[in-house]
Amino acid sequence: MQVPEFKITLLGPPNTGKTLFVERLFKNTNNVINSGYKPTLGVEVTPIDLHGELGKLRLNIWDNAGDENYRGLKEEYHRDTKAAIIFKKSGDESYLEYENELPIGTMCEYITDYNLENPEMLVEEYKQFLYDFIINISL
């Protein structure tokens, strides 16, 4: 049986932890050193397998550049996206420009003030959050 796959887009201003978040999911640990800000060039795609009550599913996570100089095709990167996780900082409304470039009807969740050094949740908790998010919008 083929594993269900879902495209998830990560968006948000530069240096909000999008790439570090994906790296922690991929390595299955919060013990990933934040080696400083390195901008994503365009988009990087990482497959992450998740397991839950309804079985296994695969997220193809599209980590989009936050820096305007490296954003490239913007809207083209969001084609066929199932959902988006938008990273934002408290009091900073610039995340709205990223939200507005998503296709109409894209379901969004938000991660506010992601702690680059010591994440608020364990990797397993973030994986459960993503699993539940996908299952809830797919039913």
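The model is predicted, so local features need pLDDT of at least 70 and side-chain atom pairs count only at pLDDT 80 or more, while totals for chains, interfaces and linings use all residues. Residues are numbered from 1 along each chain as its sequence is written, and side-chain values use heavy atoms, leaving out hydrogens and water.

**Stop 1: the core**

Select F21, L25, L57, L59, I61 and I85. These have the most contacts inside the largest nonpolar core, which has 26 residues. A nonpolar core here is a set of buried Ala, Val, Leu, Ile, Met, Phe, Trp, Tyr and Cys residues joined through side-chain atoms within 4.5 Å. Buried means under 20% relative accessible area, exposed over 50%, and partly exposed in between, using a 1.4 Å probe and protein chains only.

Now colour by secondary structure (helices are DSSP runs of H or I with at least four residues, strands runs of E with at least two, numbered from the N terminus). Elements that each supply at least two residues of this core include helix 1 (18–27), strand 3 (55–64) and helix 3 (123–138). Helix 3 gives the most, with seven residues.

Next, centre on L59. Beyond its neighbours within four places in sequence, L59 is in contact (heavy atoms within 4.5 Å) with F6, I8, T46, P47, I48, L50, L130 and I134.

**Stop 2: the aromatic cluster**

Show F21, F87, Y114 and Y126, which form one aromatic cluster. Rings of Phe, Tyr and Trp (its six-membered ring) pair if their centres lie within 6.5 Å; planes under 30 degrees apart count as stacked, over 60 as edge-to-face and the rest as tilted.

F21 and F87 pair edge-to-face, 5.4 Å centre to centre with 70° between the planes. This pair links helix 1 to strand 4, 66 residues apart. F87 also pairs edge-to-face with Y114, at 5.8 Å and 85°. Y114 lies in the loop between strand 5 (107–112) and helix 3, so its pair with F87 of strand 4 ties together parts 27 residues apart in sequence.

**Stop 3**

Which residues join E5 and R58 in one salt-bridge network? Select D49 and K56 to complete the network. A salt bridge is a side-chain nitrogen of Lys or Arg within 4 Å of a carboxyl oxygen of Asp or Glu. E5 and R58 meet at 4.0 Å, N to O, and because E5 lies in strand 1 and R58 in strand 3, they tie together parts 53 residues apart in sequence. For D49 and K56, the closest N and O atoms are 3.5 Å apart.
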